[in-house]
Amino acid sequence: MLSFQEVSKDSAPESLLDLCSKYVVSHLDTICFEDPESKGRRLKDGLTLPSEICEKLLEVYQQTGHSLEDKFVKIFENKQATRLRRVRLRNAKITDYGLCILLHHRLIELDLCNCIFITKRSLAFINEFGDSLLSLVIGPSVNILHDTLHPDSPEEVGESSSSPFFKRGYIIKAPNLRRLAVRNLNTQVEVWFFRLLVQSLHNLTHLDLSGCYDLDDLSYLCELNNLTSLILHNVRRLQETIGSICLLKKLRHLDISQSNEKHGTFMNENQTLALLVESLPMLSSLDISGTNLAGTGVAEHSPAPKTQPKNGYENVAPQTDIPGLSSRVDNPLDFLGLYATHHGACHRHDIPAKKISGDANEDQILTAAAAYIDRPEVLQKVLNDLYHLFRYETCQNVCHALTVVLEAMDRHIHEKHIQISGSATLFYIVKGKDKHSFAMRMKRKIICTLLNGMSTHRDDDTMMRNGCLTLCQFKIPQDVLFDYKRLILILLHIVWEMEQEGFVQRIGIYLLNSLACQVDGYQKQLLGDLGAIKKMLDLIEDRLERKICDDVLEVAWSTMWNVTDETAINCERFLDGRGMDFFLGCLSTFPQKEELLRNMMGLLGNVAEVKNLRSRLMTSHFVSVFSDLLDSCSDGIEVSYNAAGVLSHMASDGPDVWTITSPRREDVLRRMVSAIERWDLTTERNINYRSFEPIMYLVQVYHTPECQHWAVWALANLTRVYPTKYCSLVEAEGGLTLLEEVISHSEPYPRIKELAAMVIEHCQQYNRQSQASKGPSGSVGKDSRGSGGAAPGSRYLEPPLEG
């Protein structure tokens, strides 16, 4: 059973070992190279890594969503340069070859779970290097023992057996083994198999045979003189083994729980439980979950004490609601498993145990989650119980619950229903009042666990829905930048491959748009490299063909607006992907959709900023459309503003590059100035600028003052309405100097100079107010918002679904 500390260590900074390991895993070339012949990884010459680093690399590689293969394991092939002592493999794709490399390190602990490519050949390797093993776990979907189950042998075990296993006297050769777990070996086996399995393991203290069939009567366990822990979860026909179990006098922990109620029925349940606990004097931990051993709840009194009562008063014998445990009333168990027992035993009042697993309250549920962390069938039900605690805001120990959920999801990545239940619970945890207390380390852990589950179950609508809803509770994109590429790939899959117009697609494209906003050029280009522009254009084409204007269509344009911001290659991808055809199609098909029109024109503003692409916009059709949009009142001034921005950039290249005869350049410029003069300088804006570089470029276009007019008006508006953000940006980018030059230059007409003076005054006024507000020694920080179009908000958020 796992134990969890109540005080979270996640508020502390990550250790240097953790940080370095994550970096190395993401940049393997720092420590190794790819062998051109074997294609495997090899450690660079001169490097020597101790066991702490080697084991951490294996752990982090798996935690960060990588599938462990032989190619990676070859890093540890050189035993002189690397060292491993404890290896835990979950859902790994390594083969017998890879496992042999690890076993050569003379491991003391080996834990294998869901490693489907490991075969019976690895049993020989384990036996060859097993003299150092102290702990061995052979979990589900690990077929090391599979072909040992039916060797040719007589039904009776004896000297005459022809089985090779009897001749050598063992199945697993690990003379120093202390802990052995063989789980879910549920193929029909010969009667002698488990007897021989443990026969040579004289030093075993812990034995776990959960889910195994045909264990016989367990009398052979009496030869294990040091056995203190016996786990027989989901083992059938345990009634026949009670007598043998009662002879294991050193047992401290016994688990005979069941996840299937029909297999948990014992005859004479009260007497059977009493026999067990009274026969095992050292027992401190007992799990009878899923059975009828707790009885019906009729209380029984303990035997009267043999000592005389003190003070002349008669002692009243304490009682218990579990009849079979009456002998433990005065000596309660440290742990008692009562989850899903018949007749709801965990809800009773008088239970002689310090900690109880069950579903009666929060403590019982958290105890159950920790106790059954390796049992997906039971764990799923426990996580559903935990989900309901959070859904109705009754969970008090959030830190403990969060640790349990993350551990469950990490251990059972391929169990879809655990991922669904876990992600639903995570939604309420990160949405709750404690969300602001999570350190960045914990946030990253939550996000990484979610992405692992979403990557594994990417075609499950419920898992993707829960994952997206939970991710929406974080600061996007700041909190997810550490795993940006993987999240983008997941969202692109959601947006294009999942149900069109469904909830998951809508929330997916909302997240994708948020990830495209407020990020640097590298991330924007990466979005384009990964196919975001193509996916958005595909969505737009689909909607156009079906004449549907919905949230997805609007946000697809918004996403491209963000992705093309100061990213020329993405602007080119837009044009190459027939983007202008789709622009004209949307304009004619949905002329009254204001947000759609604003998003499209914002995108074209980005395209027009790229000098070498402007010639592709210079057609009579396009320029006529842009000119007509100058008169648009759609979405306030935004559409007109963006149309003027596009035309300003096109005109900024001079009369010589205006290669069309209609409309004429001078007519377009005149219409543009008329539009600008109609705009209200106090208008609040639906746009965010990360940089003023394109606008500052236009401020210097003296040969066409109309371009300057648009640029200076934009600065005057933004510095007046949003001085906190944009005044400092104007100063930082040298805008004040440029504006002073405009005022002193002879070419700009008076209105331009008047607007330039306004910008300078706005900045000076902001500086005076800032100095006054920060006092003699304080400071004022900058607001750092991104650029691009707004994304749909809370209307997308709906409750997640449990498993």
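Analyst: One point to begin with: α18 is followed by Gly 531, whose phi is positive, near 100°. Helices here are DSSP runs of H or I with at least four residues, strands are runs of E with at least two, and both are numbered from the N terminus. This is a predicted model, in which local features need pLDDT of at least 70 and side-chain atom pairs count only at pLDDT 80 or more, while totals for chains, interfaces and linings use all residues. Residues are numbered from 1 along each chain as its sequence is written, and side-chain values use heavy atoms, with hydrogens and water left out.

User: Which residues of helix α18 are buried?

Analyst: In α18 (residues 521–529), Gln 523, Lys 524, Leu 526, Leu 527 and Gly 528 are buried. The buried residues of α18 pack against α16 (484–497), α17 (503–516), α19 (532–546), α20 (551–563) and α21 (568–576).

User: Why does Thr 425 count as buried?

Analyst: Buried means under 20% relative accessible area, exposed over 50%, and partly exposed in between, with a 1.4 Å probe and protein chains only. Thr 425 has 0% relative accessibility, so Thr 425 counts as buried. Thr 425 is in helix α13 (residues 416–431). Not counting residues up to four places away in sequence, Thr 425 touches Leu 383, Leu 386, Tyr 387, Phe 390 and Val 405; contact means heavy atoms within 4.5 Å.

User: Is His 412 buried or exposed?

Analyst: His 412 has a relative accessible area of 7%, and therefore His 412 is buried. His 412 lies in the loop between α12 (398–411) and α13.

User: What does the side chain of His 412 reach?

Analyst: The side chain of His 412 reaches the backbone oxygen of Ile 373 at 2.5 Å. Leaving aside neighbours within four places in sequence, the contacts of His 412 include Ile 373, Asp 374 and Arg 375.

User: How many bridges join β3 to strand β4?

Analyst: Five bridges join β3 to β4 (residues 109–113), and the two run parallel. Two strands pair if DSSP finds at least two bridges between them, so five is enough. Arg 88 stands opposite Asp 111 in β4.

User: What makes β3 an edge strand?

Analyst: Ten strands form an open sheet in the order β3-β4-β5-β6-β7-β8-β9-β10-β13-β14, with parallel pairing. The edge strands, β3 (86–90) and β14 (353–357), each pair on one side only.

Key. A polar contact is a pair of N or O atoms within 3.5 Å; within protein, one must be able to donate a hydrogen and the other to accept it, and residues adjacent in sequence count only if both atoms are side-chain atoms.
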